[in-house]
Amino acid sequence: MDILANLALGFGVAFTPINLGYAFLGSLVGTLIGVLPGIGPVATIAMLLPITYGLPTVTALIMLAGIYYGASYGGSTTAILVNLPGEMSSVITVIDGHQMARQGRAGAALCIAALGSFFAGTVATTVIAAFAPPLAEVALKFDAAEYFALMVLGLVSAIALAQGSVLKAVLMAILGLLFGIIGTDVNTGTSRFAFNIPELIDGIGFVAMTMGLFAFAEIATNLEKTEGRHVMTAKIDSLWITWKEFKQSFGAILRGSAIGSLLGILPGGGATLSSFASYTVEKKISSDPSRFGKGAIEGVAGPEAANNAGAQTSFIPMLTLGIPSNAVMALMVGALIIHDIQPGPQIMTKTPELFWGLIASMWIGNVMLVILNLPLIGLWVKLLSVPYRLLYPMIVLCCTIGAYSANNNMFDVGVAIAFGIAGYVFVKLGCEPAPFLLGYILGPMLEENLRRALVLSRGDYSVFVTRPISVVMLAIAAVLLVVTVLPAVRKTRDTVFQED
Amino acid sequence: MQLMRNPKDMLAGLMFIAFGMASLVISQDYTLGTAARMGPGYFPRLLGILLVAGGALQVLLSLRVNAEVERPAWHWRPLLIVLVGVAAFMGLAPHLGVILAGFVLVFIASFASAEFRWKEALISGAVQGVAAVLVFIYGLGMPLPVWPIFIGGGQ
């Protein structure tokens, strides 16, 4: 069995003390920022990226991945206890999770969220182990035209899932592409948009840009909401669930894992979308839909399983195709590039220990999260009572130092300031920064593949529609874009995202 | 103000047009090339055209009679205070060291909250300046001075 041999290799890598330690650290930090509303995984991963420079690549990725799935774990704790989503991915858990807490079943809700997430994590790990290798094999046959089409598809998916205006999302992605190509053009050596500033020769600092766009702008928008965060924490009696609750949630966890694993693979998918989809399904197939919103345990179990599964399988397109499917994966690609590893299908063949070590560590990280979180809930609750006015200056300081330490250069702090202003303007004008970030990451790759495809076809643009794989992907992208603009779909899309 | 039914969308459109135009103007200096042999100017110009066209479409959409009325609600104060704090750190850290620069950043940034308290901000600034030094300079070896360089820096 190939899969078993591969997983054995992976567990061999993941079980070294250093990798176990960093998986633990990542999950812990992830849970911490997941519990705290107002700072997300994107800003945190960007902040910690420079710290990972000195680590081996696999260790760095293990820690960063731990932050991502740890955050979706921590987010649900806040959702259940405080009636506030700690993260976007736990928005839906608030509905029934907090109702359960009010009925004195906070412990049961936390328990089922943790168990559901763990089960889903196991399923997702298996899905990755089974499906990533064949996908990478297909991808190895890709030529420039296919890569170009694939990236367009990735961008369009991110656009389809962005909130608000589709046109704005498209333009933000294009703007991101433009910012991505700042610096030296690899083919000709021409320096583009660098204005003779030496720090811009290698492009705009990725870490600094993310700090500004996500952390600074987010803090500023949080500070506008004048009402203080009053933490009213529900009491936790016991963490045990009843047999009846177990039976009710079992099916939901199974379905949530399946939904999450599937939606996570789609470009643009991931944790948030999966949890929404799972909740909708559970409500639809329930024999008594009126229980939802009043503390139905399926409404916690399903989405929590789905968001964890989705968080994990969203690694598949990044690891096999080199295409990030969301902002966190864009950061992972950034981390790989910093470590001199070209993201793409060759990762699996050239550095199997990296690929399988990361996969195995995700499962280990899930075990750690269950063991870690249930006993530590008391600590997280205490943490939630720290007022935001004390918290945000600390985040600002960490981000500032993080931006500096990316290149040990104060220029990057200036970049972060500039993008803080830009990010704030974007938010105020209803333009989402996520497609921008994806465009920024894909910019150089997209241009390179467009160039190569057209060199091979001697300038004939029809190459993209005469090659079968390329035309299928572009057609899917076109259909997706058209469908997103249709009024009926727009309406449901808006209601789906209305919650936040 | 019938013309400005949706200033939010209109401003967004104008912003995209501005970025597109900037790209078109600046990339004039770069060789265009042909589709088969693209020069460094080909892709930026393509993106510039798309941005200008899309931005123009956005402006037109915002002018529709039935456009939703949406105004961006600007609250610059918190953002600017926080960023002034960051800028202060940027200017001070290489000379005054991270303890003082960190203190200044936290203290200034604390003003951005509506619930600002003097004593709290002073204490939290001092604690975080020291913590930043312990974690980032002693822990991670970041090359910045701890104390002002004119009294030795102390790294």
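Helices (H or I, at least four residues) and strands (E, at least two) are DSSP runs, numbered from the N terminus. The model is predicted: local features need pLDDT of at least 70, side-chain atom pairs count only at pLDDT 80 or more, and totals for chains, interfaces and linings use all residues. Residues are numbered from 1 along each chain as its sequence is written, while chains are lettered from A and ligands numbered from 1 in the order in which they are written.

**Figure 1. Chain A as a whole.** Chain A holds 22 helices and two strands. Its radius of gyration (taken over C-alpha atoms) is 22 Å, close to the 23 Å that the globule rule (2.2 Å times the number of residues to the power 0.38) gives for 500 residues, so chain A is as compact as a globular protein of that length. The C-alpha trace of chain A spans about 70 × 55 × 50 Å along its principal axes. Of its 500 residues, 61% count as buried. Buried means that 20 or more other C-beta atoms lie within 10 Å of the residue's own; exposed means 12 or fewer, partly exposed is in between, and C-beta atoms are placed from the backbone. Contacts join residues whose C-beta atoms, placed from the backbone, lie within 7 Å. In chain A, residues 24 or more positions apart account for 80% of the contacts with a separation of 6 or more.

**Figure 2. Helix 4 of chain A.** This helix runs over residues 57–82. Its expected span is 1.5 Å times one less than its number of residues. For 26 residues that should be 38 Å; the end C-alpha atoms are 37 Å apart, which agrees. Of the 26 residues, 25 are buried, and the helix is mostly covered. Just after helix 4 of chain A, N83(A) takes a positive phi of about 65°.

**Figure 3. Two loop residues of chain A with positive phi.** F193(A) is not a glycine, yet has a positive phi of about 55°. F193(A) sits in the loop between strand 2 and helix 9 (206–224) of chain A. With 19 other C-beta atoms within 10 Å, F193(A) is partly exposed. R458(A), also not a glycine, has a positive phi of about 55°. R458(A) belongs to the loop between helix 19 and helix 20 (463–466) of chain A. With 11 other C-beta atoms within 10 Å, R458(A) is exposed.

**Figure 4. The largest nonpolar core.** A nonpolar core is a set of buried Ala, Val, Leu, Ile, Met, Phe, Trp, Tyr and Cys residues joined through C-beta atoms within 7 Å. The largest has 222 residues; F148(A), A173(A), M211(A), C399(A) and A416(A) have the most contacts inside it. Helix 6 (residues 106–140) of chain A gives the largest share of this core, 19 residues. Domain 1 (2–62) and domain 2 (76–151) of chain B both contribute residues, so the core lies between them. Leaving aside neighbours within four places in sequence, F148(A) is in contact with L446(A), N449(A), L450(A), A453(A) and F464(A).

Figure 5. The elements of chain B run α-α-α-α-α from the N terminus on. The radius of gyration of chain B is 24 Å, well over the 15 Å that the globule rule gives for 155 residues, so chain B is more spread out than a compact globule. Its C-alpha trace spans about 60 × 50 × 25 Å along the principal axes. Chain B divides into domain 1 (2–62) and domain 2 (76–151); these bounds come from an automatic or database domain assignment. The domain centres, taken over C-alpha atoms, are separated by 39 Å. Of the 155 residues of chain B, 41% count as buried.

**Figure 6. The side of chain B that touches chain A.** Here 54 residues of chain B are in contact with 51 residues of chain A. Helix 3 of chain B gives the largest share of the chain B side, ten residues. By class, this side has 38 nonpolar, 13 polar and three charged residues. Ala, Val, Leu, Ile, Met, Phe, Trp, Tyr, Cys and Pro count as nonpolar, Asp, Glu, Lys and Arg as charged, and the others, Gly among them, as polar.

**Figure 7. Helix 2 of chain B and its surroundings.** The 21 residues of helix 2 of chain B should span 30 Å, and its end C-alpha atoms are 30 Å apart, which agrees. Its buried residues include Y42(B), F43(B), L47(B) and L51(B). The buried residues of helix 2 of chain B pack against helix 8 (166–180), strand 2 (191–192) and helix 19 (433–456) of chain A, together with helix 1 of chain B. M21(B) is found in helix 1 of chain B. The C-alpha atoms of M21(B) and L51(B) are separated by 8.1 Å.

Note on methods. Contact = placed C-beta atoms within 7 Å.
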